[in-house]
Amino acid sequence: MLTLQFGQCGNQLGHALFSKLSADIDAKKTGVSYNINYNYIENVFDKWFSGLTKDGKRLARTILMDTEEKVINKITDNKCENWTYCTSNIICQAAGGSGNNWAYGYMEKGIRFYELISDIIQCEIEKIDNLDGFLFLLSSSGGTGSGIGSHIIELMRDEYKNKSFVSTIILPFLFGEMSTQNYNTLLTLVKFLDNVDTVFLFENEDVHNTLKNLSNVDVKLEDINEVISTNLSVAFQPINNTFNNLHSLIAKLVVEPCYKLATIKSVPILSTFNEYNSTNTWYSYLCQLKRTLKVYSTTSDVTSTKTKILSHTSSSTPSSLYSRSISNVLITRGNCTYKDIKTDDLKEKYLYADWVATDSFTHFHQQRYILNHDKALALLTNNSNIYNPINKVLDKAWNSYTHSAFLHHYKKFGLEDDDFLKTFAKIENVVKDYKNLNESKEDGDKW
């Protein structure tokens, strides 16, 4: 796996992710034998790291890109960590940012960054016997990660047609970040949906509210990155005896090319927020994950105290309460057998669109603990709930557009009204497709 970190958010998230991956290698509580743990560690290292420094630190297999030095300087000054970055993989053109303007990053800076990054990508690929694919980390709200990232993803897709592309895009808070964030988000989503195999979306608002429910302390961006990086770790760490590379995972999750959006929900969320309890059973955790499939559910539903224990007759719950899924992939980690984890509730027909195949649910299990947790679960879900945050952004962007708000910032870099209208139309189609998942065959003979 070759990771590419774009902009302030992408680099901060990437740092949190590699810190967790490295900590997982060093975890003392594994739940498995020495030989099994040794093989697991080798697989983790081969997947995420490219070698060792002279003083024994792991070299992260990642490329960092930004237009400002502040975040880059902070995350590379990690002398206490047992891993580090390859200095030749850091690209920072400290000539000012992208002005929170997607068009500036995409039209002006994207091609220059790709000229700098293309040789680095090729060098990293040559170090790997078999490239699993590319993982992109970025926020959609600013101009650097969204604009430059969108340009680079286009050029890379053209050059690496047969490789797997997965992106993690962080959606901004609905209020209070920046005035152009809604335009930037829609423009970014369109480019990534056109060029990657899967887009994993995470909402700052959702994760922030979840952590607020778990603790009375102030929630910082670092805490949000901790949650998202935990989700990515539980989802993407190796699974023994399973053909779980990116290509096979995408094939399970994206069964139709017009449904490329997904998200990841995991439990426990963060043990540091007093939400982890070693007495939780596999069943109680599965119930928490199933609640996230309810219509318009959020991550905070995982921690809802009012519905902590679900009835064993949950299969009789009206199907209207749950969003329809294209597919769900459950990944469980802990020292038990695959058959000990009862997943029937996640296989219920009412959880899936009428036309999907019978194998729309997949379960992978890894006996080795992750991050010292004796139980950890991740649900990778491609379901209709995903349209809700996008629809909110779309409404706000349309409102700004009808008042011609901020358009001059984009037009001076070559973006025209037609570009915005095409973007709105594409996103409206995506929203419509996901909304229609909740319709049955009888509703208007849609299928």
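These notebook entries record what I looked up in the structure.

**Entry 1: confidence**

I noted at the outset that the model is predicted. I looked up the overall confidence and found a mean pLDDT of 89 for the protein chain, with 89% of its residues reaching 70 or more. Over residues 305-316 pLDDT stays under 50, and the model has 15 contacts beyond four places in sequence for them. Residues 441-447 also stay under 50, with ten contacts beyond four places in sequence.

**Entry 2: the sheet**

I traced the strand order of an open sheet of ten strands and wrote it down as S6-S4-S1-S7-S8-S9-S10-S13-S11-S12. The pairing in this sheet is mixed. Which strands form the edges? I found strand S6 (90-92) and strand S12 (361-366), each of which pairs on one side only. On average, neighbouring strands of the sheet are turned by 20 degrees against each other, direction ignored.

I next examined one pair of neighbours. Strand S10 (residues 261-267) and strand S13 (residues 375-383) run antiparallel and are joined by five bridges. For Ser266, I recorded Ala378 in S13 as the bridge partner.

**Entry 3: a helix across the sheet**

I asked which strands helix H7 (residues 204-214) lies across. They are strand S8 (165-171), strand S9 (198-203) and S10. Against S9, the helix runs at about 45 degrees.

**Entry 4: helices H1 and H3**

I compared the axes of helix H1 (residues 7-25) and helix H3 (residues 69-76), which come within 9 Å and cross at roughly 10 degrees. Angles under 35 degrees count as roughly parallel, so H1 is roughly parallel to H3. I listed the residues that meet: Gln8, Asn11, Gln12 and His15 from H1, and Val71, Ile72 and Ile75 from H3. Sorted by class, this contact has three nonpolar, four polar and no charged residues.

**Entry 5: aromatic pairs**

A search of the whole structure gave me 25 aromatic pairs. I took up one of them, Tyr183 with Phe420. How far apart are the ring centres, and at what angle do the planes stand? The centres are 5.1 Å apart and the planes are at 65 degrees. Planes over 60 degrees apart count as edge-to-face, and the pair is therefore edge-to-face.

I also looked up where the two residues lie. Tyr183 is in helix H6 (residues 181-195) and Phe420 is in helix H13 (residues 417-435), so the pair ties together parts that are 237 residues apart in sequence.

Conventions:
Residues are numbered from 1 along each chain as its sequence is written. This is a predicted model: local features need pLDDT of at least 70, side-chain atom pairs count only at pLDDT 80 or more; totals for chains, interfaces and linings use all residues. Side-chain values use heavy atoms; hydrogens and water are left out. Axes are lines fitted to C-alpha atoms, for helices over the stretch in contact, and angles run from 0 to 180 degrees between N-to-C directions. Helices (H or I, at least four residues) and strands (E, at least two) are DSSP runs, numbered from the N terminus. Angles under 35 degrees count as roughly parallel, over 145 as roughly antiparallel, 65 to 115 as roughly perpendicular and the rest as oblique. Contact means heavy atoms within 4.5 Å. Ala, Val, Leu, Ile, Met, Phe, Trp, Tyr, Cys and Pro count as nonpolar, Asp, Glu, Lys and Arg as charged, and the others, Gly among them, as polar. Two strands pair if DSSP finds at least two bridges between them. pLDDT is the predictor's confidence in each residue, from 0 to 100. Rings of Phe, Tyr and Trp (its six-membered ring) pair if their centres lie within 6.5 Å; planes under 30 degrees apart count as stacked, over 60 as edge-to-face and the rest as tilted.
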